[in-house]
Amino acid sequence: MNSAQLDQAFHLIDANRNGYVTLTEITSALEDRQIPLDANSLDTAFRELDRDGDGRLTKAEFSGFQMEPYKSSVGTTLAKLLA
């Protein structure tokens, strides 16, 4: 997933347009599109990328999904949102 695709995914997931995405928003976006997800991997990655521990990811934090080890797991799943 490149940075432009990641931006698209972020805006797609940020349903309430508050500039943040929560784990619930990510999960809902994937489930709504019937994209299988590994909830444990997503939860672990989310918590690791949530640098300030506020339960939501800024666009900068969300961009971490394009880096390993997240790119090959969660990043691949998020890319399916754009298909």
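Among contacts (heavy atoms within 4.5 Å) between residues at least 6 apart in sequence, 53% join residues at least 24 apart. The model is predicted: local features need pLDDT of at least 70, side-chain atom pairs count only at pLDDT 80 or more, and totals for chains, interfaces and linings use all residues. Residues are numbered from 1 along each chain as its sequence is written, and side-chain values use heavy atoms, with hydrogens and water left out.

The protein contains five helices and two strands. These are DSSP runs, numbered from the N terminus: helices are H or I with at least four residues, and strands are E with at least two. Their order along the sequence is α-β-α-α-β-α-α.

The C-alpha trace spans about 30 × 30 × 25 Å along its principal axes.

Of the 83 residues, 34% are buried. Buried means under 20% relative accessible area, exposed means over 50%, and partly exposed lies in between (1.4 Å probe, protein chains only). The protein exposes about 4700 Å², and carbon and sulfur atoms supply 48% of this area. Accessible areas come from the Shrake-Rupley method with a 1.4 Å probe; for residues, only the protein chains shown count as cover.

The protein carries 8 positive and 13 negative side chains. Lys and Arg count as positive and Asp and Glu as negative, while His and the chain ends are not counted. The centres of the two sets lie 5 Å apart. Each charge is placed at NZ of Lys, CZ of Arg, CG of Asp or CD of Glu.

Side chains of opposite charge can pair when their charged atoms come close. Two salt bridges were found in the whole structure. A salt bridge is a side-chain nitrogen of Lys or Arg within 4 Å of a carboxyl oxygen of Asp or Glu. Asp43 and Arg47 form a salt bridge, at 3.1 Å from N to O. Both residues lie in helix H3, four residues apart, which means a separation of about one helical turn. Asp43 is partly exposed at 24% relative accessible area, whereas Arg47 is exposed at 58%.

Arg56 and Asp54 also form a salt bridge, with the closest N and O atoms 3.1 Å apart. Arg56 is partly exposed at 30% relative accessibility. Asp54 is partly exposed too, at 35%.

Helix H3 covers residues 39-49 and includes Asn40. Asn40 is exposed, with 61% relative accessibility. Asn40 and Ile26 are 14 residues apart in sequence, and their C-alpha atoms are 13 Å apart in space.
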